[in-house]
Amino acid sequence: MGTIVMAATAVLVVLGFTDPVWWLAAVALLCVYARSGRGTTSASNGTPPASPGSAPATYRAYRARRDQQAKWERRYRRERPFEARRQERAK
């Protein structure tokens, strides 16, 4: 995504030599790109998502991720009782 934005910005700058309005369009494009978080999706509270192996940014993020994992595990045990029992015996 960043490559496309940079290419579009370069094209707008080149066009700006004949009409300065294109420079304003290039600046606006860069501002929108920077404000959107450089193409990543962000959480509802505005913090960027953490990579799977990294520590959470806040305790609230840790709790949310832990609660979601527990919810998934309960659903898995409910939907696949035989597989869940087999995995428990293997531990």
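Reader: At what angle do helix 1 and helix 2 pack?

Author: First, a heads-up: this is a predicted model, where local features need pLDDT of at least 70, side-chain atom pairs count only at pLDDT 80 or more, and totals for chains, interfaces and linings use all residues. Residues are numbered from 1 along each chain as its sequence is written, and side-chain values use heavy atoms, leaving out hydrogens and water. Helices here are DSSP runs (H or I, at least four residues), numbered from the N terminus. Helix 1 (residues 2-15) and helix 2 (residues 21-35) have axes (lines fitted to C-alpha atoms over the stretch in contact, with angles from 0 to 180 degrees between N-to-C directions) that sit 7 Å apart, and the packing angle is about 160°.

Reader: So what do we call the way helix 1 and helix 2 run relative to each other?

Author: Angles under 35 degrees count as roughly parallel, 65 to 115 as roughly perpendicular, over 145 as roughly antiparallel and the rest as oblique. Helix 1 and helix 2 are therefore roughly antiparallel.

Reader: And what type of aromatic pair do Phe17 and Trp23 make?

Author: Rings of Phe, Tyr and Trp (its six-membered ring) pair if their centres lie within 6.5 Å, and planes under 30 degrees apart count as stacked, over 60 as edge-to-face and the rest as tilted. By this rule there are two aromatic pairs. With centres 5.8 Å apart and planes at 85°, the rings of Phe17 and Trp23 are edge-to-face.

Reader: Is Phe17 buried or exposed?

Author: Buried means under 20% relative accessible area, exposed over 50%, and partly exposed in between (1.4 Å probe, protein chains only). Phe17 has 65% relative accessibility, so Phe17 counts as exposed.

Definitions and conventions. Helix = DSSP H or I, 4+ residues; strand = E, 2+ residues; numbered from the N terminus.
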